[in-house]
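User: Got a model up on screen and I'd like to go through it with you. Can we start with the metal?

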Amino acid sequence: MAVREILHVGNPLLRERSREVSRAELATPALQQLIDDLVDTMHAAAGAGIAAPQVGELVRIATIEVTNNARYPYKPPIPLTVVVNPIIEPLDDELVEINEGCLSVPNMRGNVMRFVNVRVRYWDREGGEHDETRRGLTAGTFQHECDHLDGVLFLDRVHDTRSLTTWDQFERFHRAAFVERITAFVERVGS
Ligand code: ZN
């Protein structure tokens with residue numbers, strides 16, 4: 001078990017494009033340990049996902065998991081998923097406005113537009129190939145983590161900076177309306 005330090009916005013490594021890994025490299029103890037560390041760090045921080053550059057490793061690997069998440073209780077569950085070399089493509093032009101936060105942007109949330117229906121191709125930690133359709137908030141989580149691999153933070157996608165809030169002000173003034181809207185959305189599209 002190794003919980004790694006999470007880099008915060010302002011660290012130049014978060015703005016780099018991470019590189020693809022080969023299957024041979026993925027099989028090495030170093031990268032398998034990195035994946036374990038990402039899972040441990042994501043769990044320790046109660047994140048819905050974490051990408052390798054957030055712990056300073058510029059490789060295209062991220063982990064995602066949502067189980068009764070304290071930070072995002074309205075998110076549908078996602079079993080632990082390790083994504084390696086992900087390629088994400090929108091399946092249509094439907095968008096949804098999601099209020100997001102990020103472990104690398106402490107105490108800040110804001111509204112971003114995300115594609116509702118995406119195709120995600122990736123390898124798992126053993127190099128097995130996956131080709132999946134993800135929808136709704138789960139699609140948003142995949143887009144957020146894949147953005148990290150290209151040096152993009154959710155802040156870059158906040159189209160109205162007046163939506164930015166601290167976490168306690170979100171709870172106080174914005175949470176109820178957002179949860180009502182997004183719960184109706186989740187019921188409509190599923191995850
Ligand atoms: Zn993030």
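User: What coordinates the zinc ion?

Analyst: C102 through SG, plus H144 and H148 through NE2, at 2.1 to 2.3 Å. Donors here are N, O and S atoms within 2.8 Å of the metal (3.2 Å for Na, K and Ca), and water is not among the atoms, so sites may look incomplete. It's a predicted model: local features need pLDDT of at least 70 and side-chain atom pairs pLDDT 80 or more, while totals for chains, interfaces and linings use all residues. Residues are numbered from 1 along each chain as its sequence is written, and side-chain values use heavy atoms, without hydrogens or water.

User: What spacing do the donors follow?

Analyst: C-x41-H-x3-H along the chain. C102 sits in strand β4 and H148 in helix α3, 46 residues apart. Those are DSSP runs numbered from the N terminus: helices are H or I, at least four residues, and strands E, at least two.

User: Are C102 and H148 buried or exposed?

Analyst: Both are buried, meaning under 20% relative accessible area with a 1.4 Å probe, protein chains only.

User: Switching topic: which residues are closest to the centre of the largest cavity?

Analyst: Y72, K75, G101, H144 and E145, out of 21 lining residues. A cavity is a set of points on a 1 Å grid over the protein atoms alone where a 1.4 Å probe fits but cannot get out, and lining residues have an atom within 4 Å of a point.

User: Which element gives the most to that lining?

Analyst: α3, with six residues.

Definitions and conventions:
1 Å grid on protein atoms, 1.4 Å probe; cavity = no way out; pocket = protein on both sides within 12 Å on 5 of 7 lines; lining within 4 Å. Buried < 20%, exposed > 50% of the residue type's maximum accessible area, 1.4 Å probe, protein only.
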